[in-house]
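Hi everyone, thanks for coming. Please take a look at the structure on the screen, and then I'll walk you through it.

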Amino acid sequence: MNRNKAGSLRPVGLIHSSIKTTAEAPKQGSEGGPDAWLEVSPLFAQALDGIAIGDDIIVVTWLHQAERDVLKVHPRDDKRKPLTGVFATRSPDRPNPLALHRVTVRDIDKGRLLIGPIEAIDGTPVVDIKPVLSGIRDF
């Protein structure tokens, strides 16, 4: 087994979604995001052991089309709102464009999870999957 203790971030899977462009994506999954397939790399398929249909999970993605040099935005792209630092917003544009998506597992097919709702676009890399722990406030 590869003991990658520190160093580079590596995807564990990809999102396969009907959303093809950032312009089509809702701001949050709960605002009209579809279900999508999360295809886990065969290298990490064993790590899905214990996940079941109906589970709520947190999917951590790398927003590969985000701008990384943006430090301030108008929240929710509303020009009437004052410019705000990206760390105080859910903007996809940020120095390290990681995103958290709380989703429900709808189906499991070998190394794939049907999850949703999720606003990630097709081809978005997944860098981690975490369970939602009952009784613990996550985000």
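**Charges, fold and one aspartate**

Let's start with charge: the chain carries 19 positive and 18 negative side chains, and the centres of the two sets are 6 Å apart. Here Lys and Arg count as positive and Asp and Glu as negative, with His and the chain ends not counted; each charge is placed at NZ of Lys, CZ of Arg, CG of Asp or CD of Glu.

A word on what you're seeing: this is a predicted model, where local features need pLDDT of at least 70 and side-chain atom pairs count only at pLDDT 80 or more, while totals for chains, interfaces and linings use all residues. Residues are numbered from 1 along each chain as its sequence is written, and side-chain values use heavy atoms, leaving out hydrogens and water.

Now the fold. The chain has eight strands and zero helices; helices (H or I, at least four residues) and strands (E, at least two) are DSSP runs, numbered from the N terminus. Its C-alpha trace spans about 45 × 35 × 35 Å along the principal axes.

How much of the chain is buried? Of the 139 residues, 33% are buried, meaning under 20% relative accessible area, with exposed being over 50% and partly exposed in between (1.4 Å probe, protein chains only).

Finally, let me show you Asp78. You'll find Asp78 in the loop between strand 4 (72-73) and strand 5 (84-85). Asp78 counts as buried because its relative accessible area is 18%. A polar atom of the Asp78 side chain lies 2.9 Å from the backbone nitrogen of Arg80.

Note on methods:
A polar contact is a pair of N or O atoms within 3.5 Å; within protein, one must be able to donate a hydrogen and the other to accept it, and residues adjacent in sequence count only if both atoms are side-chain atoms.
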